[in-house]
Amino acid sequence: MIALINDVLDITKIESGSIDLEWRSLHLAEVLSGVVADMQSLVTARSHQLVLSIAPGLPLVRADAYRLHQILYNLLSNAVKYTPRNGQIWVEAQEYHAKNTPDHIRSTLPSERRFVHLAVRDTGVGVSADEIDRIFDRFYRTENPLKVEAGGTGLGLSLVKPLVELLGGRIWAVSELGVGSTFNLLLAT
Ligand SMILES: Nc1ncnc2c1ncn2[C@@H]1O[C@H](COP(=O)(O)OP(=O)(O)O)[C@@H](O)[C@H]1O
Ligand SMILES: [Mg+2]
């Protein structure tokens, strides 16, 4: 209930343009290790294997630490919840490459900014092609075998997407039903 109220408050803040951001240069590895530490008990409880892979020499990202943590925590908790027990979850950070970015995202990127590409990948229940865009809508939840067990409000991604964009980044998902999902983030440097 408290999580629901906080999400609604954050959505209200985003809509009224009253989110305060504390811009900092952040080491993605540090932010990720904090998120993974907060998530570890849930990962262990579901007997998942979590693999973190961060390319060496990545530039610092420009972001608000609290909001970036919130974004990554949401994506990782979805991966944990929507993956059957004994699954695998990968968190991979690498340099931005145009070839790894779909046209509809690439065409919206300001040419003067540089980005880091972060992917959260799982072996979960997946999302069908006709629902993949709708999961970012408020309250939208897919019918899937883990829907009830996972619980949730359907607000997480509807908050994550505008937060990512407030930070100057982009998000898109690629998924196959019954195989797994990848949530891709471009984070501004
Ligand atoms: N990693 C994932 N694997 C499969 N489905 C996912 C994943 N992440 C999100 N979804 C789908 O998108 C929906 C919306 O996600 P979200 O906004 O975080 O809401 P919630 O987790 O509260 O249901 C989920 O209910 C689920 O149907
Ligand atoms: Mg969620």
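A: Buried means under 20% relative accessible area, exposed over 50% and partly exposed in between, with a 1.4 Å probe and protein chains only. Arginine 46 is buried, its relative accessible area being 13%. This is a predicted model, in which local features need pLDDT of at least 70 and side-chain atom pairs count only at pLDDT 80 or more. Residues are numbered from 1 along each chain as its sequence is written, and side-chain values use heavy atoms, with hydrogens and water left out.

Q: With which residue does arginine 46 form a salt bridge?

A: A salt bridge is a side-chain nitrogen of Lys or Arg within 4 Å of a carboxyl oxygen of Asp or Glu. Arginine 46 pairs in this way with glutamate 149, and their closest N and O atoms are 2.9 Å apart. Glutamate 149 lies in helix 5 (residues 147-150) and arginine 46 in the loop between helix 2 and strand 2 (49-54), so the pair ties together parts that are 103 residues apart in sequence. Helices (H or I, at least four residues) and strands (E, at least two) are DSSP runs, numbered from the N terminus. Glutamate 149 is exposed, at 56% relative accessibility.

Q: How many salt bridges does the rule give?

A: The count comes to seven. Among them, arginine 24 pairs with glutamate 22, with 3.0 Å between the closest N and O atoms. Arginine 24 is partly exposed at 43%, whereas glutamate 22 is exposed at 51%.

Conventions: Chains lettered and ligands numbered in written order.
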